[in-house]
Amino acid sequence: MQGENHALMFEFPEYKDKIHEMKMSNKGFGSLVDEYHHLDHKIRGLEMANIPTDDENFRDLRMRRVQLKDEIYQQITQQ
């Protein structure tokens, strides 16, 4: 769905506190979360503003967001 908010607090509400704790204590994890947040914001902005973007570029942005989300999930469920 276009413009849908994929913020981590909505994607993983049960891990909200853990994500915050890990972000504060692990710089590498914090960087992943920050990249995810910025990318999600960029994708939503493009969707909401109907800014033309080629399909390949948009697909690449969304694929990177999925990769980040998977990596974040792996880390929060391992600890």
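Begin with the crossing of α3 and α4, which in this predicted model is left-handed. Select residues 27-49 for helix α3 and residues 55-78 for helix α4, and you will have two helices that pack at an angle of about 145 degrees, their axes lying 9 Å apart.

Next, show the side chains along the contact between these two helices. On the α3 side the residues that meet α4 include Phe29, Leu32, Val33, Tyr36, Leu39, Ile43 and Leu46, together with Glu35, Asp40, Lys42 and Glu47; on the α4 side their partners include Phe58, Leu61, Leu68, Ile72 and Ile76, as well as Arg62, Arg64, Arg65, Lys69, Glu71 and Gln75. Coloured by class, this contact of α3 with α4 has 12 nonpolar, 9 charged and 1 polar residues.

Keep α3 selected and look along its length. The helix has 23 residues and reaches 33 Å from its first C-alpha to its last, which is close to the 33 Å expected at 1.5 Å a residue. Which residues of α3 are buried? They are Phe29, Gly30, Leu32, Val33, Tyr36, Leu39, Asp40, Ile43, Leu46 and Glu47, and the elements that cover them include α1, α2 and α4. When reading the spacing of such a list, recall that an α-helix has 3.6 residues a turn, so residues three or four places apart point the same way.

Now select the largest nonpolar core, which has 16 residues, and within which Leu8, Ile19, Phe29, Val33, Ile72 and Ile76 are those with the most contacts. The elements giving two or more residues to this core are α2 (16-25), α3 and α4, and the largest share, 7 residues, comes from α3. Centre the view on Leu8: setting aside residues up to four places away in sequence, Leu8 touches Pro13, Ile19, Val33, Tyr36 and Ile72.

From there, move to His6, in the segment before α1 (8-11). Is His6 buried or exposed? His6 counts as buried because its relative accessibility is 18%, under the 20% cut-off. With residues up to four places away in sequence again left out, the contacts of His6 are Glu11, Tyr36, Asp40, Arg44 and Arg65.

Finish at Ala49, which lies in helix α3. Ala49 counts as partly exposed because its relative accessibility is 46%, a value between the cut-offs of 20% and 50%.

Notes
Residues numbered from 1 in each chain as written. Predicted model: local features only at pLDDT ≥ 70, side-chain atom pairs only at ≥ 80, totals over all residues. Heavy atoms only, no water. Axes fitted to C-alpha atoms, helices over the stretch in contact; angles between N-to-C directions. Helix = DSSP H or I, 4+ residues; strand = E, 2+ residues; numbered from the N terminus. Left-handed = near helix turned anticlockwise from the far one by under 90°. Contact = heavy atoms within 4.5 Å. Nonpolar A, V, L, I, M, F, W, Y, C, P; charged D, E, K, R; others polar. Core = buried A, V, L, I, M, F, W, Y, C linked by side-chain atoms within 4.5 Å. Buried < 20%, exposed > 50% of the residue type's maximum accessible area, 1.4 Å probe, protein only. Expected span 1.5 Å × (residues − 1).
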